Amino acid sequence: MWSASAISSVGDGMRDSALPLLAVAVSDSPSAVSVVSVAASLPFLVMSLYGGVLADRADRRRLMWTIDALRAVVVLAFAGWVFLADPPLVALAALAFVLGCGETVFSNAATSAVPELVRPDQLDAANGRLQANMLVGGNLIGPLLGSALFAVAVASPFAVDGLSFALAAVLVAATGRSTTPRTRTDRSVLTEIREGVNWLARHREVRMLAVLSTLGALTCFMGTTMMVLMVTKVIHAPAASYGIVLAAGAIGGTAASTLAGRLSRLLGRGTRIAVAFLLMGVSLILMGLSTSVAEVAALYGVIGFGIVTWNIQAISLRQQAVPKELLGRVNSCYMLLTRLGIMAGAALSGWIASTVSIRTPLFVGGGLLLVLLVAVLFLLPRMTAMEAAPAAAAAASEADSAEAGSAEGR
């Protein structure tokens with residue numbers, strides 16, 4: 001599973017760098033890249049909840065390798081098209097949308113499948129390694145390879161991406177079948193979505209975790225959205241310097257991923273969560289005061305460490321607290337909420353920056369993260385207790401299912 005994730009992440013990074021380059025090549029419109037970017041983002045809004053139903057209805061590992069096999073066919077066919085002729089912009093947008101739909105369902109199924117493969121005390125290390133794949137493969141190695149291959153032959157990064165999907169499908173298929181019981185398929189999709197939403201709404205600790213993650217995503221992206229303008233407009237550094245800042249963030253996140261297992265043995269869950277929010281909040285405020293690219297890069301590395309550390313804690317807690325047969329649907333609600341938080345944070349960042357100054361969103365975002373830290377400290381006992389909650393959650397889920405079945409009978 002780890003190898004499949006690593007290979008697929010490199011392929012994703014290659015495609016993510018090559019697709020905007022191809023959009024610029026086939027269209028003279030400045031909005032071409034935006035069209036492709038929006039098409040890639042839409043699936044997270046329109047497919048998240050349905051993807052959760054699929055992840056709970058199907059054998060999760062089989063669903064994963066089936067999606068990867070289908071994505072391999074789609075991308076290889078597109079590579080052949082690019083080799084023969086220039087596809088229109090609408091084809092690029094369609095490819096981004098289709099692959100985004102696959103990624104949305106795949107990510108949910110993969111997150112839900114991890115507890116089947118490792119013990120509860122190994123979740124932090126396992127999730128950390130998967131996060132490292134996305135950071136190193138998707139943000140560093142993949143984009144560099146994709147850009148280099150695009151310069152050699154336009155179709156080559158898409159061909160390699162398609163092959164990476166095929167190999168990842170074989171590797172996931174080799175892990176065997178999922179062990180989690182599947183949900184009933186005789187109910188409507190809306191009924192199953194409602195069951196996941198209702199479970200999240202009733203479970204105080206997981207609901208609290210979802211709210212905290214949504215607000216954390218909103219406040220963090222409120223600050224980091226302005227980094228590119230901090231580098232180019234405030235500090236007046238060359239545009240290429242922004243790449244150094246992004247690389248520093250990826251390095252910080254990779255460090256957090258690599259050290260996740262060790263940190264789980266050295267520090268308690270609550271301490272790790274509190275440290276993550278403290279690092280993010282203080283670093284954003286200091287970034288707002290920065291006067292050099294080196295300072296911004298170093299601080300974004302610390303922010304990257306905090307973001308990934310928090311992500312790992314939130315994922316592991318969710319995997320432990322949510323009943324396995326409901327994990328896909330609860331994950332889908334969680335992913336949708338955090339995605340909306342990211343979008344809201346980015347939008348607020350632009351509004352605040354245009355109204356006040358470019359530095360202001362960094363101060364506001366950092367200050368609000370420190371306010372959230374106070375809430376984190378207050379809620380730590382409840383979040384820590386979630387690690388002992390799986391049995392109680394499973395019992396509650398069985399009671400809810402029985403009640404729902406009784407209600408449907410009436």
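Predicted model: local features only at pLDDT ≥ 70, side-chain atom pairs only at ≥ 80, totals over all residues.
Residue numbers run from 1 along each chain as its sequence is written, and side-chain values use heavy atoms, with hydrogens and water left out.

**Entry: α4 and α5**

Axes here are lines fitted to C-alpha atoms, for helices over the stretch in contact, and angles run from 0 to 180 degrees between N-to-C directions. The helices themselves are DSSP runs (H or I, at least four residues), numbered from the N terminus. I logged the crossing of α4 and α5 as left-handed, which is the case if the near helix is turned anticlockwise from the far one by less than a right angle; clockwise makes it right-handed. By class, I get 17 nonpolar, two polar and six charged residues in the contact of α4 with α5. Nonpolar takes in Ala, Val, Leu, Ile, Met, Phe, Trp, Tyr, Cys and Pro, charged takes in Asp, Glu, Lys and Arg, and the others, Gly among them, are polar.

**Entry: α13 and α14**

Next I looked at α13 (residues 293–321) and α14 (residues 327–355), whose axes come within 11 Å and cross at roughly 145°. α13 passes α14 in a right-handed crossing. On the α13 side I found W310, A314, R318 and Q319 in contact (heavy atoms within 4.5 Å), and on the α14 side L327, N331 and Y334. That contact sorts into four nonpolar, two polar and one charged residues.

**Entry: α3 and α8**

α3 (residues 48–57) packs on α8 (residues 189–202) at about 95°, with the axes 9 Å apart. So I filed α3 as roughly perpendicular to α8. From α3, I see L49, Y50, V53 and R57 meeting V189, E192 and I193 of α8. The class count is five nonpolar, no polar and two charged residues.

**Entry: cysteines**

How many disulfides does the rule give? I got zero, using a cut-off of two cysteine sulfur atoms within 2.5 Å. The closest cysteine sulfur to that of C101 is in C333, 18 Å away, so the pair is too far apart for a bond. Both come out buried (under 20% relative accessible area; exposed is over 50%, partly exposed in between, 1.4 Å probe, protein chains only): C101 at 14% and C333 at 7%.

**Entry: H236**

I stopped at H236, a residue other than glycine with a positive phi, near 65°. For context, most residues other than glycine have a negative phi. H236 sits in the loop between α10 (227–234) and α11 (241–266). Buried or exposed? H236 is exposed, at 63% relative accessible area. I also checked H236 against V293: 57 residues apart in sequence, 9.2 Å apart in space, C-alpha to C-alpha.

**Entry: L144**

Last one: L144 is in helix α6 (residues 123–152). I have L144 down as exposed, at 63% relative accessibility. Between L144 and I251 I noted 107 residues in sequence and 15 Å in space, C-alpha to C-alpha.

Terms used
Helix = DSSP H or I, 4+ residues; strand = E, 2+ residues; numbered from the N terminus. Parallel < 35°, antiparallel > 145°, perpendicular 65-115°, else oblique.
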